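Let's work through this model by question and answer. We start with the whole chain and end at a single residue.

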Amino acid sequence: MENRENVTWLGLDKQVQGILRCPGCQGRIRDDAGGLQCLDCERKFPLVNGVLRFVDKQHYAGSFGFQWLKHDRTQLDTENSQRSENDFTRKTGLAKDDLAGKLVLDVGCGMGRYAEVASRWGAQVVGIDLSLAVEAAARNLAHRNVTIFQADVFSLPFAPESFDYIYSMGVLHHTPSCENAFKSLPRFLKPGGGIVIWLYSGYNKWYRVSDIYRRVTRRMSPKLLHALCQLTRPLYGLHRLLRVIPLIGRPLSGILAYLIPMSFNKDPEWRVLDTFDWYSPWYQTKHTYEEVFRWFESCGLEDLHVGGKPVAVRGMRSRNGQTATQDDQSEVARCVG
């Protein structure tokens with residue numbers, strides 16, 4: 001794995017420091033030698049490699065630490081590629097004007113691909129992740145209006161009603177309870193604030209074979225699994241070869257894809273990364289619009305909409321505390337036919 005220099009700690013933005021709370025007792029937090037300390041319970045939160053830590057280990061997210069430290073810049077946008085921005089727009093349905101000037105929480109920021117987009121759109125971003133991917137994110141976004149913390153979605157270090165917008169892209173389904181992880185978030189929205197999540201779809205059952213493999217692959221060392229994912233490079237070439245064979249080629253490619261599910265991204269580096277991302281997590285659940293809309297409604301969120309890629313749902317916290325309207329049910333019907 002490539003070694004990179006640690007990011008230099010530039011201190012906390014005053015607005016961000018103002019919303020920080022102890023994840024244990026919700027007490028206010030002050031500066032302390034080597035990090036922060038709760039004023040009430042005196043719990044300390046150390047600064048390690050330029051990142052404040054509100055957890056002491058990665059728990060079930062260790063594979064993501066390996067993944068994003070290994071591929072720490074693979075999915076960052078460049079002058080020649082805006083794939084992450086296009087993906088973010090498609091999944092969330094958001095535009096630059098929605099986030100510009102807003103305080104935004106990125107739940108499960110990984111190496112910072114979407115936080116980079118949101119900050120480029122003019123948002124002040126706070127990114128949290130349970131894994132050591134925070135170190136890659138802090139390096140990648142050191143000179144952006146972004147603050148990165150290592151923290152747990154089930155025990156976030158923020159005051160209620162802190163954020164204008166919260167998003168979580170492809171993360172909550174990797175927690176022990178996707179529903180409970182989502183339901184922990186709306187209380188951190190300001191009245192009138194918005195939240196959007198994207199989760200793996202439960203409609204297409206192509207992943208059934210891969211779920212059998214995952215019983216083994218999630219127990220592998222990340223290094224070994226990553227080496228096996230390199231096989232997607234020649235397998236991709238085999239699929240392309242099969243598909244030019246008349247009559248039998250495409251069916252054979254389809255059978256192979258069913259037996260060995262993998263990413264078909266044209267970029268070999270993304271292909272390896274995406275395949276590893278599928279097989280490595282300890283938890284991985286799939287969801288439908290019906291159940292996700294129920295989660296939003298149970299939290300009193302309203303004005304529900306879907307993104308351009310299943311399963312993506314966006315909603316708003318009411319300014320007056322009213323629950324979601326009946327009109328939101330039509331959005332569910334449109335999604336599921």
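**From chain to residue**

Buried residues make up 53% of the 337 residues in the protein chain, in what is a predicted model.

Student: What radius of gyration does the protein chain have, and what would a compact globule have?
Tutor: The chain has 337 residues, so a compact globule would have a radius near 20 Å. The value for the protein chain agrees with that: 21 Å.

Student: What share of the contacts with a separation of 6 or more comes from residues 24 or more positions apart?
Tutor: Take the contacts in the protein chain with a separation of 6 or more. Residues 24 or more positions apart account for 67%.

Student: How many positive and negative side chains are there, and how far apart are the centres of the two sets?
Tutor: The protein chain has 43 positive and 36 negative side chains.

Student: Where is Ser 162 found, and is Ser 162 buried or exposed?
Tutor: Ser 162 is in the loop between strand 7 (146–150) and strand 8 (163–169). Buried means under 20% relative accessible area. Ser 162 has 4% relative accessibility, so Ser 162 counts as buried.

Student: Which backbone oxygen does the side chain of Ser 162 reach?
Tutor: The side chain of Ser 162 makes this approach at 2.5 Å. The oxygen belongs to the backbone of Ala 159.

Student: Which residues does Ser 162 touch, not counting those up to four places away in sequence?
Tutor: Contact means heavy atoms within 4.5 Å. With residues up to four places away left out, Ser 162 touches Ile 19, Leu 103, Phe 188 and Lys 190.

Key. Residues numbered from 1 in each chain as written. Predicted model: local features only at pLDDT ≥ 70, side-chain atom pairs only at ≥ 80, totals over all residues. Heavy atoms only, no water. Helix = DSSP H or I, 4+ residues; strand = E, 2+ residues; numbered from the N terminus. Buried < 20%, exposed > 50% of the residue type's maximum accessible area, 1.4 Å probe, protein only. Polar contact = N/O pair within 3.5 Å; in protein donor to acceptor, adjacent residues only side chain to side chain. Rg over C-alpha atoms; globule rule 2.2 N^0.38 Å. Lys, Arg positive; Asp, Glu negative; His and termini not counted. Charge placed at Lys NZ, Arg CZ, Asp CG, Glu CD.
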